[in-house]
Amino acid sequence: QVQLVESGGGLVQAGGSLRLSCAASGRTFSSGAMGWFRQAPGKEREAVATISWSGGSTYYAYYTDSVKGRFTISRDNAKNTVYLQMNSLKPEDTAVYYCAATGKYYGGSYYYTLGTDYDYWGQGTQVAVSS
């Protein structure tokens, strides 16, 4: 049984930092993609950052425009874990953050930004940023 377990959410003041972790068990995703999505109250779920295999030891990272320069996605395949380092947090970053993973490979430059690209989801972790 595949499980994704997120951790690291919480309450932080604007300008602060948080690091989210998502540990996968039950299978590996080293040749697929892992990503972070978020959903704020009253808004649609959006892809925040994804990291996908593009062949060899190369991975592509995607970031939605609103987090570029502030968030960094990384993965440790040995630990089957993906991370999201979030710096300079803003109140508009407040949302439930979900980890997602898939073993599917769609080609070198595909960024896996659709929810339907993924087969497995975590339970979500709340991030709240106060002004």
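Which residue forms a salt bridge with Arg-38, and how far apart are the closest N and O atoms?

Modeller: Two notes come first. This is a predicted model, in which local features need pLDDT of at least 70, side-chain atom pairs count only at pLDDT 80 or more, and totals for chains, interfaces and linings use all residues. Residues are numbered from 1 along each chain as its sequence is written, and side-chain values use heavy atoms, with hydrogens and water left out.

Now your pair. Arg-38 forms a salt bridge with Asp-93, and the closest N and O atoms are 3.0 Å apart. A salt bridge here is a side-chain nitrogen of Lys or Arg within 4 Å of a carboxyl oxygen of Asp or Glu. Arg-38 sits in strand 4 and Asp-93 in the loop between strand 8 and strand 9, so the bridge ties together parts that are 55 residues apart in sequence. Strands are DSSP runs (E, at least two residues), numbered from the N terminus.

Next, burial. Arg-38 has a relative accessible area of 6%, so Arg-38 is buried. Asp-93 counts as buried because its relative accessibility is 1%. The cut-offs are these: buried is under 20% relative accessible area, exposed is over 50%, and partly exposed is in between, with a 1.4 Å probe and protein chains only.

Asp-93 has another charged partner. Asp-93 forms a salt bridge with Arg-70, with the closest N and O atoms 2.7 Å apart. This pair also links distant parts of the chain: Arg-70 lies in the loop between strand 6 (58-63) and strand 7, 23 residues from Asp-93. Both Asp-93 and Arg-70 are buried. The structure holds five salt bridges. Bridges that share partners join Arg-38, Glu-46, Arg-70 and Asp-93 into one network.

Look around Asp-93 as well. Leaving out residues up to four places away in sequence, Asp-93 touches Arg-38, Val-67, Arg-70, Phe-71, Ser-88, Val-127 and Val-129. Touching, or contact, means heavy atoms within 4.5 Å.

Pro-91 is found in that loop too, between strand 8 (81-86) and strand 9 (95-102). Pro-91 counts as partly exposed because its relative accessibility is 35%. Beyond its neighbours within four places in sequence, Pro-91 is in contact with Ala-14, Val-129, Ser-130 and Ser-131.

In soluble globular proteins, nonpolar side chains tend to be buried together.

Tyr-97 brings us back to your pair. With residues up to four places away set aside, its contacts include Arg-38, Trp-36, Phe-71 and Val-127.

One more bridge is worth a look. Lys-104 forms a salt bridge with Asp-119, the closest N and O atoms being 3.1 Å apart. Both partners lie in the loop between strand 9 and strand 10, 15 residues apart. Lys-104 is partly exposed because its relative accessibility is 34%. Asp-119, at 36%, also counts as partly exposed.

Methods:
Helix = DSSP H or I, 4+ residues; strand = E, 2+ residues; numbered from the N terminus.
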